[in-house]
Amino acid sequence: MSSTNNIDHYEFHHRAEHEDSALNVTSGVEDQPVVNPYYKRRKRRSLTTDEYVEGILAGNITILSQAITLIESNNRDHYAQAQEIIERCLPYAGNSMRIGITGVPGAGKSTFIEAVGGTVTELGHKLAVLAIDPSSERSGGSILGDKTRMETLCNNPSAFVRPSPSAGSLGGVARKTRESVVLCEAAGFDVIFIETVGVGQSETAVHSMVDIFMLLQISGAGDELQGIKRGIMEMADLVAITKADGDNRHRAELARAQIFNALKLFPPTESQWSPQVLTCSSLTGKGIGDVWNAVEDFIAHTKANGFFQSNRNRQSKYWMYESINEALKSDFYNNDIIAPLLAQYEADVLADRISSFVAAKNLLDIYNK
């Protein structure tokens, strides 16, 4: 007799022996559907441009979030409305401190922002945090976990936290982040934090849209001087050594001294500001107030010598050309004549029938005609 038959035979006799028992198991009801079969999802009504602008200017966080989603959309139908919203909000923008924050993964950027954010809102400011989250190169997905890490700040009525996926296109997300800054300023936020991905060239893109650039460093991770790369250090207006608490406090002070001495070797900055190096602890709050005081000192210094406005003018010029490049690229790839030819030229390149450079030149010649 097979093992299955043995089991069936045992269960038959087992039930027969306990027919009069109160422990008999009755057959239950059938599984119910997870979703109500009678539920009909209603499509949310799209807001008009007037409704978006009015909601943003009134400080409506829900409408602000929806407008940023519209900006981030890759749907070409959303582009025209998004640009109109930005254009109408532009006269109400520009009255904020734009602060870029970067650092290697593990430097405690989110915890630092939450600590400084609490200080900023206590001083009566309205804070918007635009966090650029790295997207997976394989799936294209993004965790967008900053709102989880900034739980206290997310529940602060004077703060707005908005994570955005990099989606593999650094230039694209940087442009959309700059446009989001305009909407946040129009909504009444006078302090804007832009947290970078923290890897690669994202720092350069963010540096081109902020008034002050802050670099977070950690100590105890090996030779601190190895972390001083000329490019990123030249951009930093303020360096904060985080996690300066407990047994790590001495190492943080040592790292501060090493970085401070290294910065003296750099040529004078265009802003005529000497970059400061401070230590702080996001957990205990020690040094957080000093960091914010340094930010305010930098803004006051650059406004007094005219660098603040000249820097913003230069950034506006830079983003005009970046927008042209982005529009030309989008128009090229979505061109009705070019789109069908791309696969053909790609196959020729892969089969070594034509070089990459000749293929690109031919496609551009066709596009220009």
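These are my notebook entries on a predicted model of one protein chain.

**Ground rules**

I number residues from 1 along each chain as its sequence is written, and side-chain values use heavy atoms, with hydrogens and water left out. Because the model is predicted, local features need pLDDT of at least 70 and side-chain atom pairs count only at pLDDT 80 or more, while totals for chains, interfaces and linings use all residues.

**Overview**

I looked up the secondary structure and found 15 helices and 7 strands. Helices (H or I, at least four residues) and strands (E, at least two) are DSSP runs, numbered from the N terminus. Of the 369 residues, 41% count as buried. I take buried as under 20% relative accessible area, exposed as over 50%, and partly exposed as in between (1.4 Å probe, protein chains only).

The chain exposes about 21900 Å², and carbon and sulfur atoms supply 52% of that area. The areas come from the Shrake-Rupley method with a 1.4 Å probe; for residues, only the protein chains shown count as cover.

I then checked contacts (heavy atoms within 4.5 Å). Among those between residues at least 6 apart in sequence, 74% join residues at least 24 apart.

**Nonpolar cores**

I count as a nonpolar core a set of buried Ala, Val, Leu, Ile, Met, Phe, Trp, Tyr and Cys residues joined through side-chain atoms within 4.5 Å. The largest one has 47 residues, of which Ile56, Leu183, Cys184 and Val239 touch the most other members. Helix H3 (residues 61–72) gives the most to this core, with 6 residues.

I listed the contacts of Ile56, leaving aside neighbours within four places in sequence. They include Ile63, Leu64 and Ala67, and also Leu183, Ala186 and Ala187.

Another core, of 33 residues, lies apart from the largest one. Ile101, Phe112, Met150 and Phe298 are among its residues.

**Strand S5**

I looked at strand S5 (residues 212–217) next: 6 of its 6 residues are buried, so the strand is largely enclosed by the rest of the structure. In a regular strand the side chains alternate between the two faces of the sheet. In S5, Ile212, Met214 and Leu216 are buried on one side, and Phe213, Leu215 and Gln217 are buried on the other.

For strand pairing I need at least two DSSP bridges between two strands. Strand S1 (residues 97–103) and S5 pair in the parallel sense over 5 bridges, and Thr102 has Leu215 as its bridge partner in S5. S5 also pairs in the parallel sense with strand S6 (residues 238–241), over 4 bridges. There, Leu216 stands opposite Ala240 in S6.

Leu263 is in helix H11 (residues 249–263). Not counting residues up to four places away in sequence, Leu263 touches Met233, Val239, Pro275 and Val277. I also noted that Leu263 and Glu234 are 29 residues apart in sequence and 8.4 Å apart in space, C-alpha to C-alpha.

Gln315 is in helix H13. Gln315 counts as buried because its relative accessibility is 4%. With residues up to four places away in sequence not counted, Gln315 touches Arg178, His207, Ser208, Met209 and Val210.

**Aromatic rings**

A search of the whole structure gave me 5 aromatic pairs. Rings of Phe, Tyr and Trp (its six-membered ring) pair if their centres lie within 6.5 Å; planes under 30 degrees apart count as stacked, over 60 as edge-to-face and the rest as tilted. Phe332 and Tyr367 form an edge-to-face pair, 5.3 Å centre to centre with 70 degrees between the planes. The pair links distant parts of the chain, with Phe332 in helix H13 (residues 307–333) and Tyr367 in helix H15 (residues 356–368), 35 residues apart. Phe332 is buried at 12% relative accessibility, whereas Tyr367 is partly exposed at 23%. Phe332, Tyr333 and Tyr367 form one aromatic cluster.

I also checked for charges over rings (NZ of Lys or CZ of Arg within 6 Å of the ring centre and within 35 degrees of the ring normal). Lys126 lies over the face of Phe189, at 4.6 Å from the ring centre. Lys303 lies over the face of Phe308, at 5.0 Å from the ring centre.

**Positive phi**

Gln272 has phi near 60 degrees, a positive value in a residue other than glycine. Gln272 is in the loop between H11 and strand S7 (276–279), and is exposed at 61% relative accessible area.

Asp352 also has a positive phi, near 60 degrees. Asp352 is in the loop between helix H14 (338–350) and H15, and counts as exposed at 69% relative accessibility.
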